[in-house]
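Biologist: I would like to learn how to read a fold through its side-chain links and its strand pairing. Could you take me through one example?

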Amino acid sequence: VQLQASGGGSVQAGGSLRLSCEGSRTTFSSLGMGWYRQVPGKDRERVAFIRGGTTNYADSVKGRFTISRDNDKNSLYLEMHDLKPEDTGIYYCNRFPPSNVLWGQGTQVTVSS
């Protein structure tokens, strides 16, 4: 079963969005979960991951994005603030490290200047 991300949209620079991801209990039994994004013409990159009590962020989003999870709801979240045009892309959730069978359609985030 693929993971379904939602919550994307179009915002102006400086705006905020909250992404959500829901999956099965089996999927969220994974110790690590992450958010990834892809920009056309570039490889998919990891934005953030959470593993146990530890979180990690790409340098480009540190201080602006916050990853969290609710295991009771089998959900993963990404709070994004002070969005920049370079944050534009399709955002996906997956395990960390990612599983090829769990990539869903992602959710589009578009930030205009």
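Modeller: Gladly, and keep in mind that this is a predicted model. Let us begin with Arg18 and Glu79, whose side chains form a salt bridge with 2.9 Å from N to O. Arg18 sits in strand 3 (residues 17-22) and Glu79 in strand 8 (residues 75-80), so this pair ties together parts of the chain that are 61 residues apart in sequence.

Biologist: How many salt bridges does the structure hold?

Modeller: There are five salt bridges. One of them joins Arg37 to Asp87, with 3.0 Å between the closest N and O atoms. This pair also links distant parts of the chain: Arg37 belongs to strand 4 (residues 32-38), while Asp87 is in the loop between strand 8 and strand 9 (89-95), 50 residues apart.

Biologist: Is Arg37 buried or exposed, and is Asp87 buried or exposed?

Modeller: Apply the cut-off again, with buried meaning under 20%. Arg37 has a relative accessibility of 4%, so this residue counts as buried. Asp87 is buried as well, with a relative accessible area of 1%. Salt bridges can also share partners, and here they join Arg37, Glu45, Arg64 and Asp87 into one network.

Biologist: Which residue forms a salt bridge with Lys62?

Modeller: That partner is Asp59, and the closest N and O atoms of the two are 3.1 Å apart. Asp59 is exposed, with 65% relative accessibility.

Biologist: Let us turn to the disulfide. What is the general idea?

Modeller: A disulfide is a covalent bond between the sulfur atoms of two cysteines. This structure holds one, formed by Cys21 and Cys93, whose sulfur atoms are 1.9 Å apart. The link of Cys21 and Cys93 is right-handed, with 60° about the S-S bond. Cys21 is buried at 0% relative accessibility, and Cys93 is buried at 2%.

Biologist: And how should I read the sheet?

Modeller: Strands of a sheet pair through backbone hydrogen bonds, either parallel or antiparallel. Here an open sheet of four strands runs in the order 1-3-8-7, with antiparallel pairing. Strand 1 (4-6) and strand 7 stand at the edges with a single partner strand each, so one side of each has no neighbour in the sheet. On average, neighbouring strands of this sheet are turned by 15° against each other, direction ignored.

Biologist: Over how many bridges do strand 3 and strand 8 pair?

Modeller: Strand 3 and strand 8 pair over six bridges, in the antiparallel sense. Cys21 takes part here as well, with Leu76 as its bridge partner in strand 8.

Biologist: Which residues does Thr66 touch, leaving aside those up to four places away in sequence?

Modeller: Thr66 lies in strand 7 (residues 65-70) and touches Tyr57, Tyr77, Leu78 and Glu79. Thr66 and Met80 are 14 residues apart in sequence, and their C-alpha atoms are 6.6 Å apart in space. With a relative accessible area of 41%, Thr66 is partly exposed.

Definitions and conventions:
Residues are numbered from 1 along each chain as its sequence is written. This is a predicted model: local features need pLDDT of at least 70, side-chain atom pairs count only at pLDDT 80 or more; totals for chains, interfaces and linings use all residues. Side-chain values use heavy atoms; hydrogens and water are left out. A salt bridge is a side-chain nitrogen of Lys or Arg within 4 Å of a carboxyl oxygen of Asp or Glu. Helices (H or I, at least four residues) and strands (E, at least two) are DSSP runs, numbered from the N terminus. Buried means under 20% relative accessible area, exposed over 50%, partly exposed in between (1.4 Å probe, protein chains only). Contact means heavy atoms within 4.5 Å. A disulfide is a pair of cysteine sulfur atoms within 2.5 Å. Two strands pair if DSSP finds at least two bridges between them. Axes are lines fitted to C-alpha atoms, for helices over the stretch in contact, and angles run from 0 to 180 degrees between N-to-C directions.
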